[in-house]
Amino acid sequence: PIAARRRFFPPRWSSEASKRERETDTVSTRERTADLKAWIRKCRRLVLLLVPATVLMGAGNEGRVEKSFETSHNPRISISNMTGQIVIRGWDKDQVHAVYITHSPRVEVETESLPPAGPAERLQFTTHVLDPMIGDGSRAADYTLDVPVGTNVEIRNPQGSVRLDGLHADDASIESVGGAIYVNECSGHLAVRTVGGDIEIV
């Protein structure tokens, strides 16, 4: 007798069922992609919200120093800066209130009071750039000082502006190269010099 040969018939899948499965996989992939894109958009929005807040907090606190000095009635104040804004205002106190802000941790301000004890006859503020490779914008230091009206001042700020308000002293000297100088309601001997900036005396 001749043995019968067995034949293998692979299962036949319905073309409709296969099509439905492919469509289901496609829809599922699209949904996952849409969810991923939505999550990325949320993360981007969160970063955009957090970064400016962090920058503002750093700008408001980092590098800001506030000091007060008891002084004589007509002290002498010297400021040696490179760039930034300097504002000096006269008031009716024998005291200097100083606020200065540096824009880089590689810039610092040195203060010296003479004599070391008792009311100061002389105050000196000097800006030091610790890293000569930093950009010009990061070298800036901004000063705001309230001083006795009889204060004599000596200011050097080559690339920054200077403003004096309400001083009635014997001597005031201001030097700049590219910065503007503004003097308002001041009396006494005044020496002002700038090369490329404007000078306004009111």
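**Entry 1, the model.** I am working from a predicted model.

I listed what Ile 77 touches, leaving out residues up to four places away in sequence. The list includes Phe 125 and Leu 145, along with Val 96, Leu 123 and Val 147. Thr 151, Asn 152, Val 153 and Glu 154 are on the list too.

**Entry 4, aromatic pairs.** I counted four aromatic pairs. For Phe 69 and Phe 125, the ring centres are 6.1 Å apart and the planes stand at 85 degrees, so I noted the pair as edge-to-face. Phe 69 is in strand 1 (residues 64–80) and Phe 125 in strand 5 (residues 120–129), so this pair ties together parts 56 residues apart in sequence. Both Phe 69 and Phe 125 are buried.

Phe 125 also pairs edge-to-face with Tyr 143, at 6.1 Å centre to centre and 75 degrees between the planes. Here strand 5 holds Phe 125 and strand 6 holds Tyr 143, and the two residues are 18 apart.

Are Phe 125 and Tyr 143 buried or exposed? Phe 125 has 1% relative accessibility and therefore counts as buried. Tyr 143, at 1% relative accessibility, counts as buried.

**Entry 6, the cluster.** I noted one aromatic cluster formed by Phe 69, Tyr 100, Phe 125 and Tyr 143.

Terms used. Residues are numbered from 1 along each chain as its sequence is written. This is a predicted model: local features need pLDDT of at least 70, side-chain atom pairs count only at pLDDT 80 or more; totals for chains, interfaces and linings use all residues. Side-chain values use heavy atoms; hydrogens and water are left out. Contact means heavy atoms within 4.5 Å. Rings of Phe, Tyr and Trp (its six-membered ring) pair if their centres lie within 6.5 Å; planes under 30 degrees apart count as stacked, over 60 as edge-to-face and the rest as tilted. Helices (H or I, at least four residues) and strands (E, at least two) are DSSP runs, numbered from the N terminus. Buried means under 20% relative accessible area, exposed over 50%, partly exposed in between (1.4 Å probe, protein chains only).
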